[in-house]
Amino acid sequence: MTELWQLSAAQTATAIGLKQASASEVARAALARLEAVNPALNAVVDCNPEDVLAQAAAIDARLAAGGAVRPLEGVPVTIKINVDQKGYATSNGLRSKADLIATSNNPVVEGFLAAGAVLLGRTNTPAFSARYFTDNQLFGPTKNPRDPALTPGGSSGGAAAATAAGIGCIGHGNDIGGSVRYPAYACGIHGLRPGLGRVATFNETGPDRSIGFQLMSVQGPLARTVHDVRLGFGAMARRDIRDPWYFEAPEPADTPRLAAFCAHPEGIDTAPEVEAALRDAAARLVDAGWTVVELDAIPPLKEASRIMHKLWVADAPERILAAAEAEGDPGAIFAMKGAMDWVGPVSLTEFGDTLTRRASLVREWARFFEDWPVLLLPPSSCLPFAVDADLKNGFEWLTERQYFMAGPPAIGMPAMTVSTGLSGRAPVGVQILAGRMREDLCLAAGEAIAARGAPPAPIDPLTV
């Protein structure tokens with residue numbers, strides 16, 4: 001018999017809409033699952049059961065009074081600790097912000113509530129949300145439910161681990177260099193990084209005003225099914241005047257079933273298991289009726305990755321590093337100092353030149369997507385990293401393996417990770433890119449690929 005916590009978001013909303021279950025029953029099942037498995041994961045670090053049950057009770061009362069069923073009616077979702085949720089700390093994994101209580105909701109939180117979701121708990125992130133590994137001095141490390149020896153990814157590692165283990169149906173995350181896509185890859189679920197401006201965001205507690213943040217950071221959903229990713233994106237992509245970058249995209253006129261893939265652009269060394277997963281995903285699209293062509297070259301990824309890192313740290317390097325050192329978090333210091341050393345000193349003139357070059361890259365990629373509406377790439381050059389592999393191997397070692405993650409944010413196009421299977425315990429999958437405003441193509445290709453096989457989920461966490 002399927003338990004309520006095992007249902008997808010779509011199944012949960014349908015069951016509640018058909019009165020096969022109440023929102024309160026779903027919430028109690030979700031809280032019981034959290035209590036059962038979260039001690040092994042440390043994925044959810046802030047939860048108020050009374051608040052959760054009160055949200056569910058309000059939904060039941062609303063439906064009893066004749067309210068229409070919304071897309072995420074009664075669906076448990078988790079929120080990352082780096083966005084505002086009224087009454088909860090926006091700590092971002094920092095001891096210095098452990099008591100920074102939000103007095104209003106971030107637009108993505110408002111979007112989930114408007115869609116009918118129940119906010120189940122808040123998920124862990126590395127300090128400053130600055131690593132592909134989720135650990136901090138405030139809450140400690142999050143474990144990967146598929147293998148505790150592997151990172152759950154970062155910075156949305158708590159969201160990915162919780163979702164894979166059945167703590168909620170959809171996890172909220174955000175992505176400036178892979179922070180939605182890499183945790184989804186590492187935990188064997190799916191995650192969408194929408195294009196820049198497609199999801200409104202604003203934190204009253206202290207928005208990051210850096211150029212890099214404004215030009216590249218995007219909020220996105222993680223889920224166990226691609227359809228649930230679609231539902232999550234629909235809830236999050238709503239107008240909010242607090243975000244000046246937000247725009248509404250027109251309805252797509254068509255869905256061209258044409259894709260390309262590239263395993264070794266610019267000579268990037270891709271692990272055999274990763275390349276095999278990419279080719280398998282391409283074959284799945286062909287089986288679904290798509291035309292798929294292998295390319296030897298695509299527009300620059302390595303340069304885009306360097307631009308991403310440069311814009312991330314170069315407009316305020318001393319402030320960024322001083323904040324990390326004041327927190328005393330080894331991972332944050334490593335990430336921020338490593339990025340600063342890798343890109344080197346940046347003058348005001350070079351900073352302006354970098355912005356100009358980024359615009360040229362965006363045009364080059366836009367022309368590419370005119371010819372190839374969908375592009376399949378590896379999520380990473382290798383299988384998910386071992387815990388703390390960055391600290392052991394160095395920043396340059398890490399960066400060379402993450403061009404596929406760090407490059408796309410610099411161009412602002414939508415990108416999605418779809419999990420397709422396992423290599424031993426390690427998840428494998430594919431990354432799907434599309435042109436501006438074409439999240440629908442990422443989702444369409446993702447649904448076709450995932451329909452032909454994905455790792456089992458939700459799962460009980462492995463502890464050894």
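A: Burial first: buried means under 20% relative accessible area, exposed means over 50%, and partly exposed is in between (1.4 Å probe, protein chains only). Glutamate 73 is buried, at a relative accessible area of 0%. This is a predicted model: local features need pLDDT of at least 70, side-chain atom pairs count only at pLDDT 80 or more, and totals for chains, interfaces and linings use all residues. Residues are numbered from 1 along each chain as its sequence is written, and side-chain values use heavy atoms, with hydrogens and water left out.

Q: Which side chain does glutamate 73 meet in a salt bridge?

A: Arginine 70, at 2.7 Å, N to O. A salt bridge here is a side-chain nitrogen of Lys or Arg within 4 Å of a carboxyl oxygen of Asp or Glu. Arginine 70 counts as partly exposed, with 21% relative accessibility. Shared partners join Arg62, Arg70 and Glu73 into one salt-bridge network.

Q: How many salt bridges does the structure hold?

A: The count is 21. One of them pairs glutamate 275 with arginine 279, with 3.0 Å between the closest N and O atoms.

Q: Where do glutamate 275 and arginine 279 sit?

A: In helix α9, residues 272–287. They are separated by about one helical turn because they are four residues apart in that helix. Helices (H or I, at least four residues) and strands (E, at least two) are DSSP runs, numbered from the N terminus. Glutamate 275 is buried at 18%, while arginine 279 is partly exposed at 33%.

Q: Switching to rings. How many aromatic pairs are there?

A: The count comes to 10. Rings of Phe, Tyr and Trp (its six-membered ring) pair if their centres lie within 6.5 Å; planes under 30 degrees apart count as stacked, over 60 as edge-to-face and the rest as tilted. Phenylalanine 368 and phenylalanine 369 make an edge-to-face pair, with 5.5 Å between centres and 80° between planes.

Q: Are phenylalanine 368 and phenylalanine 369 buried or exposed?

A: Both are buried.

Q: Which residues do ring pairs link into a cluster?

A: Tyr132, Phe133, Tyr182, Tyr185, Phe385 and Trp397.

Q: Which arginine lies over the face of tryptophan 342?

A: Arginine 306, at 4.1 Å from the ring centre. The rule: NZ of Lys or CZ of Arg within 6 Å of the ring centre and within 35 degrees of the ring normal. Arginine 436 also lies over a ring face, that of phenylalanine 247, at 4.8 Å from the centre.

Q: Now packing. Which residues touch the most other members of the largest nonpolar core?

A: Leu72, Phe112, Leu285, Trp290, Leu376 and Ile432, out of 49 residues. Such a core is a set of buried Ala, Val, Leu, Ile, Met, Phe, Trp, Tyr and Cys residues joined through side-chain atoms within 4.5 Å. α17 gives this core the most, seven residues. Another core lies apart from it, with 46 residues, including Tyr182 and Phe351.

Q: Last one: where does threonine 354 lie?

A: In helix α13, residues 348–371. Threonine 354 is buried at 6% relative accessibility.
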